[in-house]
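User: I am new to this structure and would like to learn how to read the packing of its helices and strands. Could you take me through it step by step?

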Amino acid sequence: MSQLSTRHLLGIKDISTEDIQLIFETADNFKEVLNRPIKKVPSLRDITIANIFFENSTRTRLSFELAEKRLSADVINFSSSNSSVKKGETLIDTVNNILSMKVDMVVMRHSSVGAPHFLSKHIKANIVNAGDGTHEHPTQALLDAFSIREKLGDVAGKKVAIIGDILHSRVALSNIFCLQKLGAEVMVCGPITLLPKHIGSLGVKIEHDVEKALQWCDVANVLRIQLERQQIKYFPSLREYSLYFGINRKMLDRLDKEIVVMHPGPINRGVELNSDVADSEHSIILQQVENGVAIRMAVLYLLAGAK
Ligand code: CP
């Protein structure tokens, strides 16, 4: 198989294990390209891609833009904060105006769950979900699993603990789908108020003691407290959260094994993760960012072929 089973990447839930393996194999090739002196290939020459971001982003937006440029695509960038959305334009009108400039693919981040799914029913271009509200962030999960595969040789059979604000996290849901499809065991760990009520129905283990989660896992994927999505108080204070759920070097030193520490970024240093862990030999946080470009090149290249 050399084609994806889908023409959009809306979520990990919708794609097959074979799709994920194909993306990884393609990303392996692009990672090799990215380590050459000339890092550009002509694969998407004549393809125009619009990056449409209705929510803040550093890593994802830059990573997609770099991936597109490395593939020789023509790129336009749209950010809602300085656009006519502020004058009341609808999502469909905004996107149709962009598409009338002959755009082939749309990479979209939006604060509303399902926004890219809605768009995929109304436009012809391929759509890549770059994060929709608290729902999915598929390319983040792909780059996370790809980084585990690179570090540990395989994802199958590995124990991954996702620790932190699971309730508001699109990274958590996409990671659960992706890791399970690849044969990993998944645990979620956090205060009871930050775990969705029915999370157990996804077949994950549940833990509220972070030291027990660290003892159990091979990989700890630590998530940010998403204060911007919290309208009520889910815990008394950041200081208290850090005391009970923050990960520091002493906790890793107490383990009788080495574990890998990941974080999708942006990190709240001193809250969910201390610098003595984030910057340590346990951390693969910057490798995740590096792998993001190869993964996004693979996704865009394969979707362009699925036209
Ligand atoms: N990991 C991630 O999605 O980061 P940004 O919000 O900076 O894109």
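Analyst: This is a predicted model, in which local features need pLDDT of at least 70 and side-chain atom pairs count only at pLDDT 80 or more, while totals for chains, interfaces and linings use all residues. Residues are numbered from 1 along each chain as its sequence is written, and side-chain values use heavy atoms, leaving out hydrogens and water.

User: Which residues of α5 and α6 meet?

Analyst: Contact means heavy atoms within 4.5 Å. In α5, Pro138, Gln140, Ala141, Leu142, Asp144, Ala145 and Ile148 meet Val171, Ser174, Asn175, Cys178 and Leu179 of α6. The residues of this contact divide into eight nonpolar, three polar and one charged.

User: At what angle do α5 and α6 pack?

Analyst: Two packed helices are described by the angle between their axes and the distance between the axes. Here α5 (residues 138–152) and α6 (residues 170–181) pack at about 50°, with axes 8 Å apart. That makes α5 oblique to α6, where oblique is what remains once angles under 35 degrees (roughly parallel), over 145 (roughly antiparallel) and 65 to 115 (roughly perpendicular) are set aside.

User: In what order do the strands of the open sheet lie?

Analyst: Two strands pair if DSSP finds at least two bridges between them. Five strands form the open sheet, in the order β7-β6-β5-β8-β9, and the pairing is parallel. Its edge strands, β7 (205–207) and β9 (260–262), each pair on one side only.

User: Which strands does α5 touch?

Analyst: Helix α5 packs on the sheet, touching β5 (159–163), β8 and β9, and its direction makes about 160° with that of β9.

Technical notes:
Axes are lines fitted to C-alpha atoms, for helices over the stretch in contact, and angles run from 0 to 180 degrees between N-to-C directions. Helices (H or I, at least four residues) and strands (E, at least two) are DSSP runs, numbered from the N terminus. Ala, Val, Leu, Ile, Met, Phe, Trp, Tyr, Cys and Pro count as nonpolar, Asp, Glu, Lys and Arg as charged, and the others, Gly among them, as polar.
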